[in-house]
Amino acid sequence: MTLEALFRLILPVFALIGVGVALRRCHWIEGAAETSLLKLVVYVCMPCLVFDTVVGNPTLRDPGNLLFPPLAGFLTTAAGFGVAYLVGRRIRLESQSAVRTFALSAGIGNYSYLPLPIVGALWGEHAQGVVLVHNLGVDTALWSVGLVVLTGASPHGGWKRLVTPMLVTLLVSVGINLSGLGPHVPAFLTGMAHSLGVCAVPLGLLMTGVNLADYLDEPMKLLHRNVAIGACAVRLGIMPVLMLCLARWLPCSDDLKRVLVVQAAMPTAVFPIILSKYFGGQPLTAVQVVLSTTAVGLITCPFWIRAGLVWVGVP
């Protein structure tokens with residue numbers, strides 16, 4: 001696939017985030033509506049996407065696609081937190097809280113709403129199932145290592161948050177898929193899951209823009225030179241190289257290699273903004289990281305995917 005084709009593929013994904021920003025600025029989504037839509041995405045649409053993507057997926061009957069993806073997701077995310085923390089200590093931030101928030105934000109890439117449509121467009125919905133299994137490891141790292149990085153506290157409290165509708169649906173779906181019971185699932189249930197699942201990513205991208213829009217009232221505060229340079233160096237420089245090395249030399253399937261290539265190209269996830277609010281971090285630092293890596297990532301993402309696929313050696 002050419003760089004031009006990759007850019008055409010990625011541009012609509014970022015454009016949906018822009019639409020979300022516009023909807024919030026027009027006051028069409030705010031207050032109770034924002035909360036309700038977020039719950040709809042997290043508790044209904046995303047679990048339905050998991051069920052629709054996993055059940056009947058022959059790719060996920062390969063044990064290698066069930067064991068290695070979560071391990072890779074955990075290791076790359078934990079490594080990202082470590083690299084970002086080391087960089088954060090060197091870029092002269094105003095407080096230790098800002099350093100910790102920088103480490104959490106720059107250390108984790110967007111592992112769901114951006115890579116899912118890209119992987120689906122390139123290799124089909126079967127490959128999306130590998131993304132969802134990979135994300136189990138990312139979530140585990142986020143709620144254990146990530147919380148320690150952000151708060152300095154024990155990770156024990158975070159483990160309870162791993163039990164989510166997404167995790168339960170994933171485990172049930174994998175069980176149905178491995179047992180061969182997929183054809184016996186009632187058609188109305190699979191149809192409903194498919195209809196709701198296809199809404200998950202577009203709605204998630206819209207809500208990403210809605211969340212970011214709150215911080216655009218004072219645009220001068222959104223640009224912090226040291227934060228922007230450090231975040232782009234970690235998320236769009238160091239971590240892609242490390243993840244592509246893992247994809248090339250890890251003894252895993254081509255499906256996982258493709259997922260790792262796409263994940264390596266991703267800008268920062270938006271969720272650390274919410275976590276930094278809830279756990280006493282510096283939300284403005286998280287926003288600065290997200291906006292800078294997203295803006296630069298729009299340009300670098302196609303290049304990393306193209307170069308990564310060639311270097312790793314997967315079609």
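In the predicted model, Trp 249 is exposed, with a relative accessible area of 59%. The geometry of the Trp 249–Trp 311 pair is edge-to-face, with a centre-to-centre distance of 5.5 Å and an angle of 85 degrees between the planes. Trp 311 has a relative accessibility of 35% and therefore counts as partly exposed, since the exposed class begins over 50%. The ring of Trp 311 is also approached by a charge: the charged end of Arg 248 sits over this ring, 4.6 Å from its centre.

A search of the whole structure finds two aromatic pairs. Besides the tryptophan pair, Trp 143 and Phe 271 are arranged edge-to-face, at 6.0 Å centre to centre and with 65 degrees between the planes. This pair likewise links distant parts of the chain, since Trp 143 lies in helix α6 and Phe 271 in helix α13 (residues 271–278), 128 residues apart. Trp 143 counts as buried because its relative accessibility is 10%, under the 20% limit. Phe 271, at 31% relative accessibility, counts as partly exposed.

The largest nonpolar core comprises 88 residues, and Phe 102, Leu 142, Ile 273 and Ile 305 have the most contacts inside it. The greatest contribution to this core comes from helix α6 (residues 125–151), which supplies 11 residues. Another core, lying apart from the largest one, consists of six residues, including Cys 48, Val 55, Ile 176 and Val 185. In soluble globular proteins, nonpolar side chains tend to be buried together. When residues up to four places away in sequence are not counted, Leu 142 touches Phe 81, Leu 104, Ile 108, Tyr 111, Leu 147, Phe 271 and Leu 275. Phe 271 is thus named both among the contacts of Leu 142 and as the partner of Trp 143.

Helix packing was examined for α11 and α3. Two packed helices are described by the angle between their axes and the distance between the axes. For helix α3 (residues 64–88) and α11, the angle is about 145 degrees and the axes are 10 Å apart. The crossing of α3 past α11 is right-handed. On the α3 side, the contact is made by Ala 72, Thr 76, Ala 79, Gly 80, Val 83, Ala 84 and Val 87. The α11 side contributes Gly 230, Val 234, Ile 238, Met 239, Leu 242, Met 243 and Leu 246.

Definitions and conventions
Residues numbered from 1 in each chain as written. Predicted model: local features only at pLDDT ≥ 70, side-chain atom pairs only at ≥ 80, totals over all residues. Heavy atoms only, no water. Core = buried A, V, L, I, M, F, W, Y, C linked by side-chain atoms within 4.5 Å. Buried < 20%, exposed > 50% of the residue type's maximum accessible area, 1.4 Å probe, protein only. Helix = DSSP H or I, 4+ residues; strand = E, 2+ residues; numbered from the N terminus. Contact = heavy atoms within 4.5 Å. Phe/Tyr/Trp six-rings, centres within 6.5 Å; stacked < 30°, edge-to-face > 60°. Lys NZ or Arg CZ within 6 Å of the ring centre and 35° of its normal. Axes fitted to C-alpha atoms, helices over the stretch in contact; angles between N-to-C directions. Left-handed = near helix turned anticlockwise from the far one by under 90°.
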